[in-house]
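Please read the points below alongside the model.

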Amino acid sequence: GLSTRPTRRGALIVVEGLDRAGKSSQCEMLRDFISKRGDEVKYIRFPDRTTAIGKLIDSYLRGSSHQDDHSIHLLFSANRWEVAKSIEEDIASGTTVIVDRYSYSGVVYSAAKANPTLSLEWAWQPEIGLPRPDICLFLSISPEEAAKRGGFGAERYENETMQSRVRELFRTIFEKQQDVSIIDAGKSIEEVAQGIQGAVSDCIARLDATTPLRK
Ligand code: DGP
Ligand code: NA
Ligand code: NA
């Protein structure tokens with residue numbers, strides 16, 4: 001008779017790093033790599049500045065509006081929650097989803113503000129229950145290498161003080177976190193891409209098609 005083979009689910013791949021680590025180009029190259037393997041793939045990024053919440057975030061990042069630290073934190077989180085369902089549906093239907101920044105940026109950038117009532121622990125709470133990545137690739141870049149890549153942009157957080165706090169906090173959370181691949185993003189674009197492709201191929205090979213996405 002007809003065999004109904006269940007669709008192999010897609011993978012949830014998160015790419016994290018400081019500003020100027022090369023996340024966007026690497027995400028595009030990874031999307032092409034997965035597509036060439038013959039898999040369905042989507043590339044999304046957070047913050048998604050196109051939604052109503054995303055527009056508030058965009059205005060805050062460009063310095064056009066003020067927000068309380070907690071309030072903007074919850075908006076960034078809400079901006080992920082508003083897409084969570086569609087990520088789950090894509091993955092269930094066999095599409096691999098590459099996400100440029102996720103909960104890790106969420107907690108780290110907010111906790112870096114050193115607001116006494118905005119701890120890492122507080123910052124994690126609204127992230128609980130979001131689809132959990134199968135792998136997180138952290139593009140690690142030294143302050144020296146980042147400096148070579150040119151000056152900061154004009155957005156909030158794009159300054160030395162904030163970036164060095166963010167770097168320290170990424171290190172702190174990724175020491176404890178499983179399923180994280182630290183990629184030396186100071187290498188050439190091709191070398192970085194190869195490192196990412198190796199880690200992602202291993203992850204996909206290990207994925208049990210019948211195991212649902214974790215929360
Ligand atoms: P990008 O569009 O990737 O350059 O991100 C914009 C900036 O917002 C960047 O400095 C990182 C920061 N960011 C990204 N996600 C979050 C988040 O969830 N919370 C906070 N506080 N900042 C975030
Ligand atoms: Na940025
Ligand atoms: Na960026």
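The notes below take the conventions, then the ion site, then the strands.

1. This is a predicted model, in which local features need pLDDT of at least 70 and side-chain atom pairs count only at pLDDT 80 or more, while totals for chains, interfaces and linings use all residues. Residues are numbered from 1 along each chain as its sequence is written, chains are lettered from A and ligands numbered from 1 in the order in which they are written, and side-chain values use heavy atoms, with hydrogens and water left out.

2. Asp 19 (OD) and Glu 158 (OE) coordinate the sodium ion (ligand 2) at 2.5 to 2.8 Å. Donors are N, O and S atoms within 2.8 Å of the metal (3.2 Å for Na, K and Ca); water is not among the atoms, so sites may look incomplete. The two residues are 139 residues apart: Asp 19 lies in the loop between strand S1 (12-17) and helix H1 (23-36), and Glu 158 in the loop between helix H6 (143-148) and helix H7 (160-176). Helices (H or I, at least four residues) and strands (E, at least two) are DSSP runs, numbered from the N terminus.

3. Asp 19 is buried, at a relative accessible area of 17%; buried means under 20%, exposed over 50%, partly exposed in between (1.4 Å probe, protein chains only).

4. In strand S3 (residues 96-100), five of five residues are buried. Thr 96, Ile 98 and Asp 100 point one way, Val 97 and Val 99 the other.

5. S1 and S3 run parallel, joined by four bridges, with Val 15 partnering Asp 100. Strand S2 (residues 41-45) also pairs with S3 in the parallel sense, over five bridges; Val 41 stands opposite Thr 96. Pairing requires at least two DSSP bridges between two strands.
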